[in-house]
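This briefing is intended for a reader who has the sequence and the model side by side. Please keep both in view while working through the points that follow.

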Amino acid sequence: MKFPVVITVVLASLALTVDARVYFKEQFLDGDGWKSRWVESKHKSNYGQWKLSAGKFYGDAEADKGIQTSQDAHFYALSARFEPFSNEGKPLVIQFTVKHEQKIDCGGGYVKLFPDVLDQSDMHGDSQYYIMFGPDICGYSTKKVHVIINYKGENHLIKKDIKCKDDELTHLYTLIVNPDQTYEVKIDNEKVESGSFEDDWDMLPLKKIKDPEAKKPSDWDDRAKIDDPSDTKPEDWDKPETIPDPDAKKPDDWDEDMDGEWEPPMIANPEYKGEWKPKQIDNPDYKGTWVIILHYSPLGSVKSGTIFDNFLITDDVKEAEEFGKETWGKTMGPEKKMKNDQEDMERKLREEEEKEKNKEDTEGDDEDDKEDGEEEEGEDDEEPDDDAGIEEDNNAKPKDEL
């Protein structure tokens, strides 16, 4: 059973440069301050509770604190709001870290981006969203990264199978949506998949939407290259693709009456130049690829799993990469070392317990052997008593007869 968690993130916009903007950043660095920025849904009365925690192992006790689901077999619904924005002409980058330290066997660790009309107090699993992104694990068959796009009210799942991380460590997930309708998925700051919306989703390509306000202008020329009108085909261009082999000779035993007229075999013509095409030159009227830009209103995030942290929504790919290096990149090594140290300690304790158990079992076997030996000795000592008993019985016979 999956326990999806809904989260919508909000923070004031932060200007990085004149053009680059961070729309949301959340690292949970102010203790319980996150509770004033996040709203729990009241759609159900039994939603699970969140807590702030760095988990059982971490790279930095404070920096690695994130919000953690704290109750088994519960749904979760938590959200925060930020100002609406448009990504027209810019990339849209969605990034966060997730750690399933409990070695999850079935659950999602994804985020959802919602429109600004979302009622946070009534948010639930069927609330409409724009994008759903992140890892989903269920048994051995499902270990993938979801990238779902909502188009015309319908959710469309990416056709590619993107494998997610399924260990217990923290991992960084990044989705980049470009204004030319291409995308890129990164895990731990490394590209794992990329492509276009038109090729990788079964939906009407966004650049072909029949929108009266988004029609391609009649004078729009999207040909980057065109034929050179001044280029002409050379007179000696047309040569046959194959020619008779000039070195071939008719066999001496060739009988035209029996074998027919002899013809030399054909070989590739070294002078053949292929189909002639005029040279390509830059199109002076080229205006670029015409597309309809995706617009996103306020965004949200939905997730389920263990610990979620380091949320970032921006239009700057480089900023997202650097933010990932400054957060996950700095703590991933120490976190792994702490986890390995804990596992080594647990292994040693198990070995000691196993040795102690074996020792107790061995001592118990020795005690049983000792008791068995004492019983045998007792049986030997009792043999004279049996004889004595017999004698007593014999002596008693006269009394019995009286």
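Aspartate 315 counts as buried, because its relative accessibility is 6% and the cut-off for buried is under 20%. In this predicted model, the side chain of aspartate 315 meets that of lysine 90 in a salt bridge, with 3.4 Å from N to O. The pair links distant parts of the chain, the two residues being 225 residues apart.

- Lysine 90 belongs to the loop between β7 (76–79) and β8 (92–99), whereas aspartate 315 belongs to the loop between β22 (307–314) and α3 (317–326).
- Lysine 90 has a relative accessibility of 25% and therefore counts as partly exposed.
- In general, side chains of opposite charge can pair when their charged atoms come close.

- Glutamate 271 is partly exposed at 48% relative accessibility, and lysine 239 is partly exposed with a relative accessible area of 33%.

- Within helix α3, lysine 318 and glutamate 322 lie 4 residues apart, about one turn of the helix.
- An α-helix has 3.6 residues a turn, so residues three or four places apart point the same way.
- The side chains of lysine 318 and glutamate 322 meet in a salt bridge of 3.5 Å, N to O.
- Lysine 318 is partly exposed, with a relative accessible area of 48%, and glutamate 322 is partly exposed at 30% relative accessibility.
- A network of salt bridges links Lys186, Lys318, Glu321, Glu322 and Lys325.

- Which residues of α3 are buried? They are Glu319, Ala320, Phe323 and Gly324.
- The buried residues of α3 fall within an arc of 135° when seen down the helix axis, so they line one face of the helix.
- Aspartate 316 caps the N-terminal end of α3, with a side-chain oxygen 2.9 Å from the backbone nitrogen of lysine 318.

**Threonine 327, between α3 and α4**

- Threonine 327 is found in the loop between α3 and α4 (328–401).
- With a relative accessibility of 10%, threonine 327 counts as buried.
- The side chain of threonine 327 reaches the backbone oxygen of phenylalanine 323 at 2.7 Å.
- Apart from neighbours within four places in sequence, threonine 327 is in contact with Gln27 and Asn310.

**The chain as a whole**

- How many helices and strands does the protein chain have? There are 4 helices and 22 strands.
- The protein chain comprises 402 residues, and 36% of them count as buried.
- Among contacts with a separation of 6 or more, 71% are made by residues 24 or more positions apart.
- The accessible surface of the protein chain is about 24,300 Å², and 47% of this surface belongs to carbon and sulfur atoms.
- The structure holds 25 salt bridges, including the pair of lysine 90 and aspartate 315.

Note on methods
Residues numbered from 1 in each chain as written. Predicted model: local features only at pLDDT ≥ 70, side-chain atom pairs only at ≥ 80, totals over all residues. Heavy atoms only, no water. Buried < 20%, exposed > 50% of the residue type's maximum accessible area, 1.4 Å probe, protein only. Contact = heavy atoms within 4.5 Å. Areas by Shrake-Rupley, 256 points an atom, 1.4 Å probe, with all protein chains shown as cover. Salt bridge = Lys/Arg side-chain N within 4 Å of Asp/Glu carboxyl O. Arc of directions from axis to C-beta. Polar contact = N/O pair within 3.5 Å; in protein donor to acceptor, adjacent residues only side chain to side chain.
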